[in-house]
Amino acid sequence: MTLRHKFFAGAALGSAALLFSFRTAADNERYFEIAKNLDIFATTFREVNTYYVDEINPSKLVKTGLDAMLKSLDPYTNYIPEDDIEDFRTMTTGQYGGIGILTVKRNGKTVVQSAYEGYPAQKAGLLPGDEIISVNGVVIEKKSNYDISKLLKGQALSVVKLLVTRYGQDKPVEVAITRDKIQVENVPYVGMISPEVGYFQLATFTVDAGKEVRAAVTKLKAQGAKKIVFDIRDNPGGLLNEAVNISNLFIDKGLDVVSTKGKVTEWNKTYKALDLPLDTQIPVAIITSNRSASASEIVSGVLQDYDRAVLVGERTFGKGLVQATRPLSYNSQLKVTTAKYYIPSGRCIQEIDYSHRADDGTLGKFPDSLRTAFKTTAGRTVYDGGGVAPDVEVADREIADITRVLLQKSYLFDYATRFRSEHASIAPAREFKLSEPDYQKFVAYLQGKNISYSTDSEKSLTDLGKRLKEEKHYDDVKTELEAMRRKMVVNKANDLQRFKPEIKEILEQEIVSRYYYEKGRTEAGFDDDPNILAAVAVLNDPNRYAALLKPSGQAASARKSAGTK
């Protein structure tokens, strides 16, 4: 037996001995199964490693096995190898050493999507639309986004040299940028929508999210805010304790915030509001979306359960699971789901039941018929098992097919880059409007571009034609079908004019972002965003706001199917 064979055999036997030494006789059968399967895994790997026709990468093969095993549990239980630990820390802390840009791959080109305001890349003059050709002499055309990110990141105060080309420039230029410690903001925007309505976004729940929200609300009140719009759309969640800290800002000290319950009962815990609140009276409207998840759902659910805020928008994602990290050997880690969480009314908002899969492996959601009713502090009815339903539903806008194509092919993005090169300045973000001549220049820019697409109606008409041919009835209606098809083509030709308001709105926001960055893009959307408009309307109608927080209020959250995805 070789040393390698002895290692695998010894590892399996050692696992079995360790398991049995700490278990009672009643547990032996279960843990024999565990030891047996660990032995099978080890011996299978040994045989493959020894006899497979080609050389294998041991780390890659084992990680593939681990990933598949954990994926069968839920999407949130993951193996984190040593090489990925730094990226994991960035996700939880929001900190990394770099230059502060977001890039995207397009047709082999690496294009700057956005440059974070106040960070090295923006200070060095990089703009959205700039193409990065090389990083420290390394040509990145064939590099993956992951590899490019690694090249751009590095120790603070180190220098990275980029070869960059820009629309309107004759040739690439080299830009030397000194890296810095990048702290991704949990609260990327704070500002006033009107003299009395303040607004802030919460994008993540990394370290100090609670402090940032406290600072945002304090700043808004100092600027005269008597009502707050709290935008938590698309926030995927993060640190549980930060969700507790943020909830605590708006509810009284001593109240329950969230409880966790899992297999290890010693870890079960009820988190309370431990500090004095910042403000328990100011009217708050929280905007949610179907991508608001986890910690976002704790905050929105807690403030709904205590009747502390009116929720506006869509039903949230429905992630009622808690993860913890566990250290593994060789500096790797396991992120594992350890518990479900329950908000103050007693409900768990987890939507997908990962513990019960169909024979084909598919997962099911909790049907409306099985959702249980709970009560808020004031006696309003709310439901478990499917995210947090809003009190005022605002359906997500469906964009036109032409708009979708313009976004997918980056024509709006590229035209904004072109516009920036031709206009040194524009009006402030909230005031900027694209003139009719400028919009017609955009239409002219699209001449010769591929903006072909098939509408749902065209697809249905094609399918109908196929069925009619199969049934031998096509010749009877051929003339009518062709007339309808020609009419649809004519209608599509007019889509740039028919959907001009929608296209202009997005194009204006894209152009504004070239001058005033992401904060400008946010402000440019204040007068067009249906969720913000709905939130402001609720706050500006005190009677309606109060009625929605009473048991008799006709809130969408009182319907089982409200906002069902």
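This dialogue walks through several features of a predicted model.

Colleague: What share of the 565 residues counts as buried?

Modeller: Burial is judged from relative accessible area, and a residue counts as buried when that value is under 20%. In this chain, 42% of the 565 residues fall in that class. The accessible surface of the chain comes to about 29900 Å², and carbon and sulfur atoms account for 54% of that area.

Colleague: Which share of the contacts joins residues at least 24 apart?

Modeller: Taking contacts in the chain between residues at least 6 apart in sequence, 69% join residues at least 24 apart.

Colleague: Let us turn to a single residue. Is Ile 177 buried or exposed?

Modeller: Ile 177 lies in strand β8, residues 173-178. The relative accessible area of Ile 177 is 2%, so this residue counts as buried.

Colleague: How does one read the packing of two helices, and at what angle do the axes of α8 and α9 cross?

Modeller: One looks at the axes, then at the residues in contact. The axes of α8 (residues 240-248) and α9 (residues 295-305) come within 9 Å and cross at roughly 25°. Angles under 35 degrees count as roughly parallel, and α8 is therefore roughly parallel to α9. The crossing of α8 with α9 is right-handed.

Colleague: Which residues of α8 and α9 meet?

Modeller: From α8 come Leu 240, Ala 243, Ile 246 and Ser 247, which meet Ala 295, Ile 298, Val 299, Val 302 and Leu 303 of α9. This contact comprises 8 nonpolar residues, 1 polar residue and no charged ones. As a general idea, an α-helix has 3.6 residues a turn, so residues three or four places apart point the same way.

Colleague: What is the angle between α11 and α16?

Modeller: Helix α11 (residues 411-422) packs on helix α16 (residues 500-524) at about 50°, with the axes 9 Å apart. That angle makes α11 oblique to α16. Their crossing is right-handed. The contact includes Leu 412, Phe 413 and Arg 420 of α11, together with Ile 503, Glu 510 and Arg 514 of α16. Its residues divide into 10 nonpolar, 1 polar and 3 charged.

Colleague: How many residues of α17 are buried?

Modeller: Helix α17, residues 530-539, is mostly covered, with 7 of its 10 residues buried. Asn 531, Ile 532 and Val 536 are among them. The cover over these buried residues includes strands β11, β12, β15, β16 and β23, as well as helix α18.

Colleague: Which residues of α4 are buried, and what covers them?

Modeller: In α4 (residues 85-93), the buried residues are Ile 85, Phe 88 and Thr 90. Strands β1, β2, β17 and β18 are included in their cover. Just after α4, Gly 94 takes a positive phi of about 75°.

Key
Residues numbered from 1 in each chain as written. Predicted model: local features only at pLDDT ≥ 70, side-chain atom pairs only at ≥ 80, totals over all residues. Heavy atoms only, no water. Axes fitted to C-alpha atoms, helices over the stretch in contact; angles between N-to-C directions. Helix = DSSP H or I, 4+ residues; strand = E, 2+ residues; numbered from the N terminus. Parallel < 35°, antiparallel > 145°, perpendicular 65-115°, else oblique. Left-handed = near helix turned anticlockwise from the far one by under 90°. Contact = heavy atoms within 4.5 Å. Nonpolar A, V, L, I, M, F, W, Y, C, P; charged D, E, K, R; others polar. Buried < 20%, exposed > 50% of the residue type's maximum accessible area, 1.4 Å probe, protein only. Areas by Shrake-Rupley, 256 points an atom, 1.4 Å probe, with all protein chains shown as cover.
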